[in-house]
Amino acid sequence: VVLYNPGIKWISTGSDVYVFRVQGRYVLRRATRTLRGEVVLSSENNSPQESFRGEDFTSEPNQETGLIYVVGRVVARIISRGNS
């Protein structure tokens, strides 16, 4: 379960986790903005980082489908583990 703040859609130079909608799918990624305006995304399972232009992101839900929609910044995560 993920709790996110839909009011925080600006990716800063800090390293925070965000909810994104990409081609109709919701994904969680750690994101940071570089000084050149690029946005670097990475997941927490040591997969390779991906770099995008700042213009590839939008905070408007009805924008072009080719853009990555920033849903909000994650503020809490609850991980449920099965009984062993």
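Biologist: I see that Tyr18, Phe20, Phe52 and Phe57 form one aromatic cluster. What makes Tyr18 and Phe20 an aromatic pair that is tilted?

Modeller: Rings of Phe, Tyr and Trp (its six-membered ring) pair if their centres lie within 6.5 Å, and planes under 30 degrees apart count as stacked, over 60 as edge-to-face and the rest as tilted. Tyr18 and Phe20 are 6.0 Å apart centre to centre with 35 degrees between the planes, so they are a tilted pair. This is a predicted model, where local features need pLDDT of at least 70 and side-chain atom pairs count only at pLDDT 80 or more, while totals for chains, interfaces and linings use all residues. Residues are numbered from 1 along each chain as its sequence is written, and side-chain values use heavy atoms, leaving out hydrogens and water.

Biologist: How do you know whether Phe57 is buried or exposed?

Modeller: Buried means under 20% relative accessible area, exposed over 50%, and partly exposed in between (1.4 Å probe, protein chains only). Phe57 has 11%, so it is buried. Phe52, at 23%, is partly exposed.

Biologist: Why do Arg73 and Asp16 count as a salt bridge?

Modeller: A salt bridge needs a side-chain nitrogen of Lys or Arg within 4 Å of a carboxyl oxygen of Asp or Glu. Here N to O is 3.9 Å, so Arg73 and Asp16 qualify. Arg73 lies in strand S7 and Asp16 in strand S2, so the bridge ties together parts 57 residues apart in sequence.

Methods
Helices (H or I, at least four residues) and strands (E, at least two) are DSSP runs, numbered from the N terminus.
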